[in-house]
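Q: Please take a close look at a single part of this structure and describe its surroundings in one connected account.

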Amino acid sequence: MKINKEELERLAALPDEELWGFIVSLGRSHGFELPEGVPPHAELERLRGAVRGDRINYRDALKVLNGYRKGEKR
């Protein structure tokens with residue numbers, strides 16, 4: 001899946017529930033299971049921050065997702 005900067009901005013602008021639904025669906029399509037419940041707004045803001053800017057910071061985005069998947073609290 002190739003996502004351009006405009007698509008990332010569109011996704012980042014989605015409400016929390018819609019953004020998380022997209023993330024869960026995308027993860028499932030690649031064999032990952034994420035909790036259905038929407039993470040706290042602050043966690044989703046961390047994800048949004050990881051994909052905004054000039055370069056996507058996959059490492060930070062994966063840290064957030066893995067922590068949430070494992071039930072870690074921030």
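Leaving aside its neighbours within four places in sequence, which residues is Leu44 in contact with?

A: In this predicted model, Leu44 is in contact with Asp16, Leu19, Trp20, Val38 and Pro39, once its neighbours within four places in sequence are set aside. The setting is the crossing of helix α2 (residues 16-29) with helix α3 (residues 41-51), whose axes come within 11 Å at an angle of roughly 60°. This crossing is left-handed. Asp16, Leu19, Trp20 and Ile23 of α2 make the contact with His41, Leu44, Leu47 and Arg48 of α3. By class, 5 of these residues are nonpolar, 1 is polar and 2 are charged.

In soluble globular proteins, nonpolar side chains tend to be buried together.

As for the charged residues, a network of salt bridges links Asp16, Glu45 and Arg48. Within it, the side chains of Arg48 and Glu45 meet at 2.9 Å, N to O. These two residues are 3 apart in helix α3, and so are separated by about one helical turn. Arg48 counts as buried because its relative accessibility is 4%, under the 20% limit, whereas Glu45, at 34%, counts as partly exposed.

Technical notes. Residues numbered from 1 in each chain as written. Predicted model: local features only at pLDDT ≥ 70, side-chain atom pairs only at ≥ 80, totals over all residues. Heavy atoms only, no water. Axes fitted to C-alpha atoms, helices over the stretch in contact; angles between N-to-C directions. Helix = DSSP H or I, 4+ residues; strand = E, 2+ residues; numbered from the N terminus. Left-handed = near helix turned anticlockwise from the far one by under 90°. Contact = heavy atoms within 4.5 Å. Nonpolar A, V, L, I, M, F, W, Y, C, P; charged D, E, K, R; others polar. Salt bridge = Lys/Arg side-chain N within 4 Å of Asp/Glu carboxyl O. Buried < 20%, exposed > 50% of the residue type's maximum accessible area, 1.4 Å probe, protein only.
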